[in-house]
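Q: Please take a close look at one part of the model shown below, and then relate that part to its surroundings.

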Amino acid sequence: VIALEEKIIVSKLGDNATLSCIYQGRELHLKNLRVYWQIADDQEECSVVHAMISGQDNESEQCIHFKNRTQLFWDRLENGDFSLLLLNVSQSDERTYKCVVLQKTEYTRVIHQAEVVLSLAASYSQPILSGPIRNSDSTGEEVTFSCKSGNGYPEPNVYWINKTDDSHLPPSELKIIPHADGTYSVFSTLKVKATSNMQIECSIENKILRENRSANYTQQKQSIGSSTESHKNLEKNGRGAQAACVISIVILIGLLAGLTCWLWRRRSSKLVSYTGNE
């Protein structure tokens, strides 16, 4: 009885995944070996992922889904490493795979077998958290926060957290939207009563990758009094700028008038001098 080696491999969508199958026995001769990688579920119509017979790849029974997407590591085979490289993985590759190694001497017998569970994942983008711009007197009013993230797989867990006491808040709305490439986007809203020191966090969890990405709300208060004062200051500065502009124009007109007068007098004096000489 050959012990069944079991492993779980996590890969990101679109990456290449290595399905591990390693035999710790004595030195092997490829011409005496048959290596089969297959889908472990016997209910599949086509289960052959990759086959090597007597040192040569055999594609006669390979499922079309895996054509030109599988490779053995030829420099490692004689050392007992029968791992399979699966290229450009997608959601349909998320299965349990079985590696079976047979050796033919006087008779053919199984010398090693392994099962590999392939789990796929994709990281979610950094969440974008939007919150209200509050007036100083809005405490107690209902305010709305929104949080969105995308391009992840599988479906995430979404948490709203009140950071003042680390309590979890139930979302008012949660939408998980599938995309054509197999990834998901998530959109969630939270409605709560405003407090004087609100600290809200939106957290997106990807369990497969053990990733937890979060965004925090920075309280934004807008004081009506300070806004009015700021408006008054702007008006005051505007009037000051207008007065300075008028003064500048008056000075410029005065300078031009003086220059014109000086030029006229100089021309007149030259004319008198010329008449006297005649």
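Where does Leu30 lie?

A: Leu30 lies in the loop between strand E2 (17-19) and strand E3 (33-39); helices (H or I, at least four residues) and strands (E, at least two) are DSSP runs, numbered from the N terminus. The model is predicted, so local features need pLDDT of at least 70 and side-chain atom pairs count only at pLDDT 80 or more, whereas totals for chains, interfaces and linings use all residues. Residues are numbered from 1 along each chain as its sequence is written, and side-chain values use heavy atoms, with hydrogens and water left out.

With a relative accessible area of 15%, Leu30 is buried (buried means under 20% relative accessible area, exposed over 50% and partly exposed in between, for a 1.4 Å probe and protein chains only). Beyond residues up to four places away in sequence, Leu30 touches Met52, Ser54, Gly55, Trp74, Leu77 and Glu78, where contact means heavy atoms within 4.5 Å. Of these, Met52 is 22 residues from Leu30 along the chain, and their C-alpha atoms are separated by 9.2 Å.

The core draws at least three residues from each of domain 1 (6-121) and domain 2 (125-218), with bounds that come from an automatic or database domain assignment. In soluble globular proteins, nonpolar side chains tend to be buried together. Phe66 lies in the loop between strand E5 (56-57) and strand E6 (70-72) and Tyr97 in strand E8 (residues 96-104), so the pair ties together parts 31 residues apart in sequence. Both Phe66 and Tyr97 are buried. The rings of Tyr153 and Tyr184, by contrast, have centres 6.1 Å apart and planes at 10 degrees, so they are stacked.

Tyr184 belongs to strand E16 (residues 184-193), in which seven of the ten residues are buried. E16 pairs with E12 in the antiparallel sense over nine bridges, and Val143 stands opposite Val192 in E16; strands pair if DSSP finds at least two bridges between them. Six bridges join E16 to strand E15 (residues 173-178), again antiparallel, with Lys175 opposite Phe187. E15 and E16 form a hairpin with five residues between them, and Gly182 in the turn has a positive phi of about 95 degrees. Lys191, also in E16, is partly exposed at 46% relative accessibility.

Terms used: Rings of Phe, Tyr and Trp (its six-membered ring) pair if their centres lie within 6.5 Å; planes under 30 degrees apart count as stacked, over 60 as edge-to-face and the rest as tilted.
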